[in-house]
Amino acid sequence: MALSFIGEDPDAKLVGRAPELLNIAKVLASARAGSAGAVIVLGEPGIGKTRMLDELCEQAAAGGFDVLAGRGSEFEREVPYSLVVDSLDERFRVLAAEIIASLGKDRLAELAAVLPSLSGRGGPLASRLEVERFEFHRAVRATFEQLVRRRPVLLALDDVHWADPASVELIGFLLRRAVPGMVLALAYRARQAPRLLLAAVQQARRDGLLRELDLAPLTIGEAADLLGQQPGSALVRSLHAESGGNPFYIEQLARMAHEPAAPTPRAWIGGKPETGIPAAVRAALAQELANLPFQTLEVLQAAAVAGDPFDVDLVAEIVATDKTLLLERIDSLAAADLVRATDVAGWLRFRHPIVRRVVYDSAMPGWRFGAHKRAARALARRDAPLGVQAHHVEHSASAGDDEAVAILTDAGQAAEARAPAAAAGWFEAALRLLPETSRSERRLPLMISLAGALAAAGRLRDSRTVLERTLEFLPADSLEDRVRIIGMIVRADHGLGRAEEAHHLLTTALEQAAPGSPNAVALRLNLAENHLMMGQGAQAVETAAAARAQARALGDPTLLLAATSKLAVFTSHQGTVAETLELIDWAAGGMDARGVELTPTLLEALDDLVYTELSTDRFRDACRHAERGLHVSRTTGHGYLYVRFTLGVAGAKLWLGQLYDAKSAAESAVEAAVLLDNDQLLSNAEGVLCWIETLRGDLPAALAAGRASVRATDRQPNALFAWIGHVSYGEALIEAGEVERGRREIMSIGGPELSDLPPTPRALWCQALVTAELSAGRIEAAETVARRMADAAPGLASSAGNARHAQARISLVAGNFQKAAGFAHEAVQCFDALEMRVWAGRARLVAGRAHALAGEHAAAVRELELAHGILDDAGAERLRDEAAKELRTLGRRVRRKPTADEPTGAPILTEREQSIADRVVQGLTNREIATELFVSPKTVEKHLARIFAKLGISSRAGVATALNRRHTGAR
């Protein structure tokens, strides 16, 4: 029997119960046991999706779940976070004090910026960058993590195909970062679902998180059960045929079959009929409305304008009637089952969204226009959120209405930090209201704001279109503005993989610019990057060098810094290390001499500097400059370089062996890239995350990130640094035992020589090829790779260290243990000099094995203990466990505790700090802890000072209580 349901009657029973209902019970049981789950209910309008969610909510509530529910609204899709507010606001209003305290001020500020019930409880946002709006998502997730500690949670969201973009982003985040102990249930029409939602659902499907219910129409027998009739009844056959088996349509048509017909329907059904609703159903609903008295119908139409659910007080202001009379008419509408009560006093909702659609269409256009205007004025008097006001202003404003333009502009500016898609809609509406003859100084700022909001919302193509239109409005003498906007268009083209279009735009603009002018220099720097995007490395160097010479001739220090940093990027790509280092020294000195505030030009130069420092072993400097870039981006609102600076931090922390911090930064970059819908950035971010997870030893997470990176690269094959996904995924595959597949993945970047990689990172990724060759027993092939490593980037200590490490591993396999130990110690010296802790730990691990096989027990133990301590401190768990295994083989006892990522929202202890804190609880002294962890007592003291600060305590005695508080969620 097909799984189908009745329409929307709250007292009705599910028709055609099927095994899928048992799946729902299994999802709830799994959540009670601590797992995460998701259910999606699909189907056409009226098929019974709402009833299925109601059943799920009833079962969950009976099973002790904390149930939260919300519903998308067709006419409020542009109101930011409308679905989020509908589903979360009431529950979050009564959060326990300990949950509020555990969130911290920054996450509470994120929640308070969106949820009206928490307004005023948080301080200012830590960042107003549009791209960091995922911090709100993290704050919501952290709250759910606290809630599930008390009891499991169900979040049920209906009509998600009508959800506003900001709410969809949160839903996607919760699907990607599922909360153990929580079930996310979504009901929507698949053909109308937003692309971002479908992408997140597809990923959840690949991860095995979803249970899907695609609701089918009722059979004749089920329709008969619904109507309480015999299957052979002529009425059943007629209604089933006319409705197509849709439960809501059957009910609606059956309802009209028993209603007296009005001789002349007064309901005017205008506008565009909703796709998929049969004409007979629309006519039946129109007949139902025609039976209402005129004043009652007007109240219902005012409710359709007010929203779904709607505020009775707002309806009263729209119809301007006596409150007593209004309530009487509301009661008659409830008696007719056109509207129904909600859990919130003074708020009601329509029987079904289709009913609201038909009611809204039944109002005459002129009356509807005035109703929206009255609603807007009423909401302004209430000081309602600008987004709610703007919804009605947009539907009731005329061209040239300056007051409406101001409200829409203010609404856009208020929304752009956390809901840029909504902001783009308000800016666009404001532009439509400006007269065509309005001066450029009024139109241009709005167009720039619109382009920025579109880009932040992941609509890069639309952003580019707006920027092209902006160029048309610019006066011919606004050369500096033209160059700035051309630069924005070029960035958009590069993000879209349209390097040729960008090249044409730049060369045309250069022909029009005065030779040697500042504008020409700026255009030439963009052209140099375009050459690199097109794989023309030598031309990139030549063009950037010419721009630098012009900047020097102009005596413009800002342009000279920008050109020097850009040239350093391109020389590093060509492998000319000495020249690159000279350029870096000059650029870093000039950048460090600047104040905190940086112009956009200097911010881009700082980003170029970070990249070249990472590629030339200057990891501390790169970290410092990347963190400065993030700070400047946040304080100035220039968010377009956020992902690159964040990846700079992740890369630097990775090289320096701070893998927990590196992972946190990489995950932020991934979330930002998803929100920007930018495959070039997503490819890079997922690739870096894959690399970090491989070093940490979480191979399932590494493989998932690697696959995501390669998928993004396949969609954007010409992206800058597209090689990162292939090589990192290849290494993860090799480490996971899929050696040949991983080897092929890495060699897809230029064959065995990896010729498509820049020379500076080539030796690093050849290391994975050495692993593959040795795993297959191909020692000679491994030696060939090692020789290439030595020649990859002469002058870089990291390349020399990787080459020595490879030679040590090859010698070990070949049985030359003394030689292996010698090469390993040389590698350690290189890596220690650069503070490459994970690499130094790996080299010491090889040295320890070599000493052990050579019979040098004491030397082996010393190297392995050092390796264990280094790798444990860095967070490289799998490598740490390899060292522990080797030590146990040699008779050394190693005590370890399984580690896990810290819970979001709690004071974060690093893995080393956690291990020290656990030993403090056991009563060990600093010296005993130092002995167990193979570190010095002074190092233990430093870690303890940080532990005390993070846990808010002042002595060893408080550690146990603080740790227990964090793990149980108690105060």
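What follows is a set of questions and answers on strands and salt bridges in a predicted model.

Residues are numbered from 1 along each chain as its sequence is written. In this predicted model, local features need pLDDT of at least 70, side-chain atom pairs count only at pLDDT 80 or more, totals for chains, interfaces and linings use all residues, and side-chain values use heavy atoms, with hydrogens and water left out.

Student: Is strand β3 enclosed or open, and how many of its residues are buried?

Tutor: Strands (E, at least two residues) and helices (H or I, at least four) are DSSP runs, numbered from the N terminus. Buried means under 20% relative accessible area, exposed over 50%, partly exposed in between (1.4 Å probe, protein chains only). On one side of β3, Val153, Leu155 and Leu157 are buried, and on the other Leu154, Ala156 and Asp158 are too. Strand β3 (residues 153–158) is therefore largely enclosed by the rest of the structure, its buried count being six of the six.

Student: In β4, which residue is the bridge partner of Leu157?

Tutor: Two strands pair if DSSP finds at least two bridges between them. β3 and strand β4 (residues 182–188) pair in the parallel sense over five bridges. In β4, Leu157 has as its partner Leu186.

Student: Through which helix does the chain cross from β3 to β4?

Tutor: The β-α-β crossover here is right-handed. That term applies if, with the strands pointing away from the viewer, the path from the first strand over the helix to the second runs clockwise. The helix on the way from β3 to β4 is α6 (residues 165–176).

Student: Which residue forms a salt bridge with Asp66?

Tutor: A salt bridge is a side-chain nitrogen of Lys or Arg within 4 Å of a carboxyl oxygen of Asp or Glu. For Asp66, the closest N and O atoms are 2.9 Å apart. Asp66 sits in strand β2 and its partner in helix α3 (residues 82–93), 25 residues apart. That partner is Arg91.

Student: Is Asp607 buried or partly exposed?

Tutor: The side chains of Asp607 and Arg644 meet in a salt bridge (2.8 Å, N to O). Asp607 lies in helix α28 (residues 600–615) and Arg644 in helix α30 (residues 642–655). Arg644 is partly exposed at 26% relative accessible area. Asp607, at 5% relative accessibility, counts as buried.

Student: How many salt bridges does the count come to?

Tutor: Some are linked in a network, formed by Arg464, Glu468, Asp493, Arg498 and Glu501. Lys323 and Asp313 also meet in a salt bridge (2.6 Å, N to O). By the distance rule, the count of salt bridges is 65.
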